Amino acid sequence: MSVLNTAQRNAVQELLRVSPVADELGRRFGAAGHELHLVGGSVRDALLGSLGDDLDFCTDARPERTLELVKGWADAIWETGREFGTIGIQKNGLRIEITTYRAESYDGVTRNPTVEYGDNLLDDLRRRDFTINAMAVSLPGHVFTDPYGGLEDLAAQLIRTPSRPEESFGDDPLRMLRAARFAAKLRFTVDPGVIAAMTAMAADLDRITAERIRDEFTKLLSGADPVGGLRLLVDTGLADRFLPELTGLKLEIDEHAQHKDVYEHTLIVVANAVRLEGDAGPDFILRMAALMHDVGKPATKAVGRDGRVSFHHHEVVGARLTKQRMRAMKFPKDVTSEVVQLVALHLRFYGYGRGEWTDSAVRRYVTDAAELLPRLHKLTRSDCTTRNKRKAAGLSADYDALEERIARIEAEEDLARVRPDLDGNAIMELLGVPPGPIVGQAWRYLKEMRLDRGPMPRDEAEAELLRWAREQGHTP
């Protein structure tokens, strides 16, 4: 998009014209003597032709007054953001947030913003993060306000701050990370002055809570071009403040131990994973696993006598480092667990093409991956970044063969639900034992047998159980 045409310039007014809710809301505020404007990302998205069902408004009315004006009109109301001046409502399927003019700032010590209410639109727009988010449309009059050149920056695909970047980032250091996020989301270029301020002020990100950083980083990695955003984090030093493992992938390459640049390889793997997502949309767990899959390499790098570089057990070390980092960033336990499991399993496939895998190995591969198997397929394929076309074709063919083999075995057995051939009740009956540790031990033994040999007839399973019980001294 090099130039915003007339249709795009009129997008906000046109969308508002066909959206009676916005004008109706504006008339309610106007009748009460208050201003109301569609603002921020809603205006930006409308100009880009992608306005959704979430609308942001700003007003000179205080939160308690906003509540009075929407009660009896809104389908639903929530006040979770009231302390920050925001009242949320739902009307005709639209989710609407109405925020009092405000001026957020940090005192340089606390890690959350303080909120001071403002009294005019221009000051409210000036304190916003970027010019492309500092445009407004009045309601119901549809007057377009753009005091900081947001429309021009939108046309130029440029991320720039309304005030000096040092002032903007001083008010809220998270905006530095947000600049990288918008670069990833919109594929825009960040203004050189903004990049310089991000680099100089990177340490100020330490004032921000882990939860806010996590949320912003999640949005970045889920963007249309996460690689562009990730490069910006590393180049400005922001990654060092909360994800130093990413910068750590820039391994020193000595002249006698040639190997591919792990940092560049990782970014390619992330891009490959994005491409393999298909129409399902951003898969944060897959992308995070792609980003972290090789973080164990710096700690495991070794150069042999023959000059060859190795990273033995880097998947084990990488899984541990991933768990530590995601815990520090306060990711939910289930998300962390799935990413860690993918990192731990990402090397399992290699060696398959040499004919070393038995059906038992295939069963264990599927069982260990469990519901993560589709993601593991994508991660493993993404990890093939060799420029050697013959080698790449060979790896792809090998994985095709593995998936076909999994499908064949799944057709014969229920791999998704591998269970021992005898359940707990049968084990207790055969061994004559009550519920307890022995039953669990026997169950796990039979599951291992099931993985090794596939389904067994009941008489064989019973014979194996009795043999195991005798060896363990549990003979009935």
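**Notes on the predicted model**

1. Let's start with the inside. The largest nonpolar core holds 105 residues, and Phe57, Phe217, Leu230, Leu233 and Leu291 have the most contacts within it. Helix α9 is its biggest contributor, with nine residues. There is also a second, separate core of 14 residues, with Leu431, Met449, Met456 and Leu465 among them. A nonpolar core here is a set of buried Ala, Val, Leu, Ile, Met, Phe, Trp, Tyr and Cys residues joined through side-chain atoms within 4.5 Å. Buried means under 20% relative accessible area, exposed means over 50%, and partly exposed is in between (1.4 Å probe, protein chains only).

2. A word on what you are looking at. This is a predicted model, in which local features need pLDDT of at least 70 and side-chain atom pairs count only at pLDDT 80 or more, while totals for chains, interfaces and linings use all residues. Residues are numbered from 1 along each chain as its sequence is written, and side-chain values use heavy atoms, with hydrogens and water left out.

3. Now the overall make-up. The chain has 25 helices and 13 strands, taken as DSSP runs numbered from the N terminus (helices are H or I, at least four residues; strands are E, at least two). Of its 476 residues, 50% count as buried. Among contacts between residues at least 6 apart in sequence, 66% join residues at least 24 apart; contact means heavy atoms within 4.5 Å.

4. Back to Leu291 for a moment. Which residues is Leu291 in contact with, leaving aside neighbours within four places in sequence? The partners are Phe217, Leu221, Leu230, Leu243, Leu246, Leu249, Thr266 and Val270.

5. Helix α12 (residues 226-236) deserves a look. Eight of its eleven residues are buried, so α12 is largely enclosed by the rest of the structure. The buried set is Pro226, Val227, Gly229, Leu230, Leu232, Leu233, Val234 and Thr236. Just after the helix comes Gly237, with a positive phi of about 85°.

6. Compare that with α5 (residues 63-70), where Pro63, Thr66, Leu67, Leu69 and Val70 are buried. Looking down the axis of α5, these residues fall within an arc of 165°, so they line one face of the helix. The arc is that of the directions from the helix axis to the C-beta atoms. Gly72 follows α5 and has a positive phi, near 85°.

7. The largest pocket has a volume of about 1300 Å³. Its lining counts 42 residues, and the closest to the centre are Asp56, Glu97, Arg102, Arg178 and Lys219. By class, the lining has ten nonpolar, twelve polar and 20 charged residues. Charged means Asp, Glu, Lys and Arg; nonpolar means Ala, Val, Leu, Ile, Met, Phe, Trp, Tyr, Cys and Pro; the others, Gly among them, are polar. On a 1 Å grid over the protein atoms alone, a pocket is an open set of points where a 1.4 Å probe fits, with protein on both sides within 12 Å along at least five of seven lines; lining residues have an atom within 4 Å of a point. Points are joined across faces, edges and corners, and the volume is the space filled by probe spheres set on them.

8. Which helix gives the largest share of that lining? That is α9, with six residues. Elements supplying at least two lining residues each include α4 (41-47), β2 (54-59), β5 (94-100) and α11 (210-221).

9. Some backbone details to check by eye. A cis peptide bond joins Leu139 and Pro140, with omega about 5°, and Pro140 is in the loop between β8 (136-138) and β9 (144-145). Asn92 has a positive phi of about 50° although it is not a glycine; Asn92 is in the loop between β4 and β5 and is exposed, at 56% relative accessible area. Ala370 also has a positive phi of about 50° without being a glycine. Ala370 lies in the loop between α20 (359-369) and α21 (373-382) and is partly exposed at 40%.

10. Last, Tyr399 in helix α22 (residues 389-412). Is Tyr399 buried or exposed? Tyr399 is buried, with a relative accessible area of 2%. Not counting residues up to four places away in sequence, Tyr399 touches Phe349, Tyr365, Leu376, His377, Thr380 and Arg381. Tyr399 and Phe349 are 50 residues apart in sequence and 7.9 Å apart, C-alpha to C-alpha.
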